[in-house]
Amino acid sequence: MIKNTLFFLAEDDEDDRMLFSEALIEINPAIKCVMAKNGEEALFLLKGGLFELPDFIFLDLNMPVMNGLKCLAEIKKTSFLQNIPVVIYSTSSSKEFIEESLALGASNFFVKPPDFTGLINYLKDILA
């Protein structure tokens, strides 16, 4: 695991943001996580509001103001962000959304698990 790993999560649901943060703390309390409530806020932070670039970006698919796919497209157009792995993080398992996400440059499409342990296991796999 990278010593000072920084995750970035864009997620409009407060409960999902809290679970994500708690899962990272359980894996390793040294992992940092910056969060945004929608794609527009995410781009603002990623393009200049952060002191350091994240190691991983997670984008919820369905968010107000700007959804995950539009945010993903903008991230991949931005030279200093385009090589950061972006994971679309969604309740949807639609083949169409998965294919579109991967075509836009997502490194993975992760369907939100039904339990906390599933989230922890997925995040551990990402860090391995």
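Reader: In what order do the elements of the chain run from the N terminus on?

Author: Keep in mind that this is a predicted model. The order is β-α-β-α-β-α-β-α-β-α, and the totals are 5 helices and 5 strands.

Reader: Why is Ser 90 called buried?

Author: Buried means under 20% relative accessible area. Ser 90 has 0%, so it counts as buried. Its place is in strand S4. Leaving aside neighbours within four places in sequence, Ser 90 is in contact with Asp 60, Leu 61, Phe 109, Phe 110, Val 111 and Lys 112.

Reader: And Ser 94, why does that one count as partly exposed?

Author: The middle class runs between the 20% and 50% cut-offs. Ser 94 has a relative accessible area of 25%, so it is partly exposed. You'll find Ser 94 in the loop between S4 and helix H4 (95-103). From Ser 94 to Pro 113 it's 19 residues in sequence and 15 Å in space, C-alpha to C-alpha.

Reader: What makes Asp 55 partly exposed?

Author: Buried would need under 20%. Asp 55 comes in at 24% relative accessibility, so it counts as partly exposed. Asp 55 sits in the loop between H2 and S3.

Reader: Which residues have the most contacts inside the largest nonpolar core?

Author: Phe 8, Ala 10, Ile 57, Leu 59, Cys 71, Ile 75 and Ile 88, in a core of 22 residues. At least two core residues come from each of strand S1 (6-10), helix H2 (39-49), strand S3 (56-60), helix H3 (68-77) and strand S4 (86-90). A second, separate core has 17 residues, including Ala 23, Phe 56, Leu 119 and Leu 127.

Reader: What makes a group of residues a nonpolar core?

Author: Its members have to be buried, of the nonpolar kinds, and joined through side-chain atoms within 4.5 Å. In soluble globular proteins, nonpolar side chains tend to be buried together.

Reader: Which residues is Leu 59 in contact with, leaving aside its neighbours within four places in sequence?

Author: Ala 10, Gly 68, Cys 71, Leu 72, Ile 75, Val 86, Val 87, Ile 88 and Tyr 89. For the chain, take contacts between residues at least 6 apart in sequence: 68% of them join residues at least 24 apart.

Reader: How much of the chain is made up of buried residues?

Author: They make up 43% of the 128 residues. The accessible surface comes to about 6700 Å², with 52% belonging to carbon and sulfur atoms.

Reader: And how far apart are the mean positions of the positive and negative charges?

Author: They're 6 Å apart, counting 11 positive and 19 negative charges.

Methods. Residues are numbered from 1 along each chain as its sequence is written. This is a predicted model: local features need pLDDT of at least 70, side-chain atom pairs count only at pLDDT 80 or more; totals for chains, interfaces and linings use all residues. Side-chain values use heavy atoms; hydrogens and water are left out. Buried means under 20% relative accessible area, exposed over 50%, partly exposed in between (1.4 Å probe, protein chains only). Helices (H or I, at least four residues) and strands (E, at least two) are DSSP runs, numbered from the N terminus. Contact means heavy atoms within 4.5 Å. Accessible areas come from the Shrake-Rupley method with a 1.4 Å probe; for residues, only the protein chains shown count as cover. Lys and Arg count as positive and Asp and Glu as negative; His and the chain ends are not counted. The place of a charge is taken as NZ of Lys, CZ of Arg, CG of Asp or CD of Glu.
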